[in-house]
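Q: I am new to this structure. Please take a close look at one topic, the pairing of charged side chains, and walk me through it step by step.

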Amino acid sequence: MELKTAAEIRNLIRQTCERCGCPELASKIKYVWNSRFTRRMGDATYDFPNATGVVRFSKPLWGRADLRERKNTIVHEVCHIITFYKYGKSASPHGARWKKMMLLAGEFPERCHNVDTNGLTRKQTKIQVRCGCSQKSVTKNMFTRMKNGSTYSCGTCNKEISFL
């Protein structure tokens, strides 16, 4: 098993849910590929009202990961969903309950991967803004936050950064 096909990934999701004592959850967990993840192998979200979960895996890193990293990533993210399913919103993402689920699933509770990320940087869009001393460039995320009301100050002149 190389954990490349949908059937192999679905099977590991099912096994993880069964080992952690909630086989009914396996059919409620979906997974998708994310081309933008260049640093993390995956993440998980849990929808409390519908008791469903979505796991997103890094498409760029998946091919670089060995079988052990792939398996650990799948189990790691599914265990997040299981933890929230069993213990609710108060469960810490990498706390004792999550660690217990990882051990039940047969994996060591690791937080980080060791997959080589060299050459996978994403190009960030920079937008020009101004302050009291000069023009600056900020990321698109920071610019969006500014449009939504957040304020930032220049580290040099301590004046508020504003749009051009």
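**Salt bridges, pair by pair**

A: Start with Arg-68, which is partly exposed at a relative accessible area of 43%. Keep in mind that this is a predicted model. The partner of Arg-68 is Glu-69, and the two form a salt bridge. Their closest N and O atoms are 3.4 Å apart. Glu-69 is buried, with a relative accessibility of 7%. The cut-off for buried is under 20%, so Glu-69 falls within it.

The general idea is simple. Opposite charges on side chains can pair when the charged atoms come close. Here the count of salt bridges comes to 6.

Next, look at Arg-40. A salt bridge joins the side chains of Arg-40 and Asp-43, at 3.0 Å from N to O. Arg-40 is partly exposed, at 43% relative accessibility. Asp-43 is buried, at 12%. This pair does not stand alone. Salt bridges link Arg-40, Asp-43 and Arg-56 in a network.

Now turn to helix 1, residues 6-19, which holds both Arg-14 and Glu-18. Arg-14 and Glu-18 form a salt bridge, with 3.0 Å between the closest N and O atoms. The two residues sit 4 residues apart, about one turn of the helix. An α-helix has 3.6 residues a turn, so residues three or four places apart point the same way. Arg-14 is partly exposed, with a relative accessible area of 34%. Glu-18 is partly exposed too, at 42%.

Terms used
Residues are numbered from 1 along each chain as its sequence is written. This is a predicted model: local features need pLDDT of at least 70, side-chain atom pairs count only at pLDDT 80 or more; totals for chains, interfaces and linings use all residues. Side-chain values use heavy atoms; hydrogens and water are left out. A salt bridge is a side-chain nitrogen of Lys or Arg within 4 Å of a carboxyl oxygen of Asp or Glu. Buried means under 20% relative accessible area, exposed over 50%, partly exposed in between (1.4 Å probe, protein chains only).
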